[in-house]
Amino acid sequence: ITALGEPVVGMINSESTAGPHDGTATVSRLIEQYFGNRPGRAFVLPSGDEGLYADHAGGTFNGSQATVVNFSRTSTGETPIGIWYSGSAKANITVSFSDGTTVGPLGPVSAPYNNILTSADSTVSLSQWFPGSEFDQVNSTSGDHFAYVDITSGHATTGTITIQGVTGSDTGTFDIYSDLNGVTVFTSNMVPGHINDWATTRSASVTGAYVLRTNWVDIDGISRSSTNQGAIGALWTGSDDGPTRDGRLGISVVAPGQNTWTSYATNSYWATNRSVLVQDGGGFYGQGGAVSGATPIIAGAVALMLQLNPTLTSEQAQNFLQQSATADGFTGPVPNPQWGHGKLNILGVLDLMNLVSQCTFSLNLGGQAFTAQGGSGTIAVTAPAGCPWSVTNLPSWVTITSSASGTGNGTVSFTVAA
């Protein structure tokens with residue numbers, strides 16, 4: 001990238017991935033290193049395709065009473081399960097199945113790297129990892145505890161995961177993420193936030209997918225339809241939602257993804273399925289779908305934005321996409337964890353960038369200063385009418401207590417922690 005000296009938009013269009021779901025894992029850190037806050041570089045990511053599965057459970061735990069999460073296995077396939085809980089607390093974890101198999105309780109490890117227990121038949125393992133020493137792409141800088149359950153085979157039945165503080169003062173929150181294929185699903189303690197781990201990268205523009213069409217004519221002139229994935233304009237049923245584990249919205253905008261048209265290599269697997277090759281496409285064009293169909297559209301939009309402003313950063317691209325997104329009867333009021341800030345509006349985002357290029361902004365802090373005890377304050381924003389602004393990338397000890405965005409003149413209220 002450096003050698004070329006050209007603006008670039010990066011994209012990883014993969015299946016959903018495991019991790020802490022808070023932007024602190026290995027891949028997110030690498031994306032931030034090479035694309036975060038660097039002029040002329042932007043990154044886009046898919047939210048994930050597991051919106052239909054009950055694969056995320058969460059809640060609180062304490063030392064006086066066990067918290068029990070129920071699950072059900074639909075087959076004997078392998079399931080990795082990641083458990084993340086508050087870094088300041090310590091917990092014992094047990095995995096049990098209705099067929100009599102139990103692994104645990106297993107407590108946290110006091111130094112790198114991990115404790116591990118395995119069932120008598122070696123089909124289930126449970127490990128706890130010292131914060132920061134987690135394996136491979138799961139490695140996190142969050143400081144939270146990570147426990148890992150690996151069900152390699154068998155146990156097509158129901159079961160429980162039990163979490164309890166080691167002492168009476170060990171209280172905290174937990175999130176449990178199951179496999180990506182619906183083999184093991186939770187039947188209690190379900191919470192929103194199916195978004196895949198890489199998509200929690202803070203500087204990336206993250207997209208879900210909505211349905212573009214439900215009917216088409218294939219290359220042989222046969223009418224085809226797909227009517228069980230959502231209505232035209234509605235969120236695709238599998239599109240992953242937010243929030244992230246650390247409470248951010250997660251989704252930036254949503255682009256058309258389900259039943260789009262895309263180019264095919266004529267020797268590809270997909271080109272052998274004539275039902276998805278479009279009429280008059282000559283075998284070169286066919287159906288695209290899911291969030292994988294939406295992400296390249298976002299990437300194309302960001303490429304146009306970089307053409308207009310080659311020094312745009314990934315964070316700025318994200319903000320422009322969000323501020324120009326549109327709402328309708330399907331999105332409902334935005335922002336929300338399913339649609340982010342609304343539907344992608346390519347013309348709108350380019351118009352907005354042109355407008356902002358002519359805007360001037362000034363801030364007035366009024367001489368405010370804060371002691372170690374913290375406090376509250378305001379910032380006056382002065383800008384021409386119609387010029388949009390937003391407050392981003394604040395340190396963790398500053399909290400916005402008013403709207404964090406606006407147009408023209410405005411006031412931002414905030415608090416500073418002690």
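H21 is buried, with a relative accessible area of 5% (buried means under 20% relative accessible area, with a 1.4 Å probe and protein chains only). H21 lies in the loop between β1 (8-11) and α1 (26-35); helices (H or I, at least four residues) and strands (E, at least two) are DSSP runs, numbered from the N terminus. Although not a glycine, H21 has a positive phi of about 60 degrees. H155, in the loop between β10 (145-151) and β11 (158-165), has a positive phi near 60 degrees and is buried at 9% relative accessibility.

## Basis of the values

This is a predicted model, in which local features need pLDDT of at least 70 and side-chain atom pairs count only at pLDDT 80 or more, while totals for chains, interfaces and linings use all residues. Residues are numbered from 1 along each chain as its sequence is written, and side-chain values use heavy atoms, with hydrogens and water left out.

## Cis peptide bonds

The peptide bond from G242 to P243 is cis, with omega near 5 degrees; P243 is found in the loop between β16 (223-225) and β17 (253-258). The bond from V334 to P335 is also cis, with omega near 5 degrees, and P335 lies in the loop between α3 and α4 (346-357).

## Surroundings of S205

S205 belongs to strand β14 (residues 205-211) and is buried, at a relative accessible area of 2%. Not counting residues up to four places away in sequence, S205 touches F43, V44, L45, S252, A317, Q318 and L321, where contact means heavy atoms within 4.5 Å.

Key: Buried < 20%, exposed > 50% of the residue type's maximum accessible area, 1.4 Å probe, protein only.
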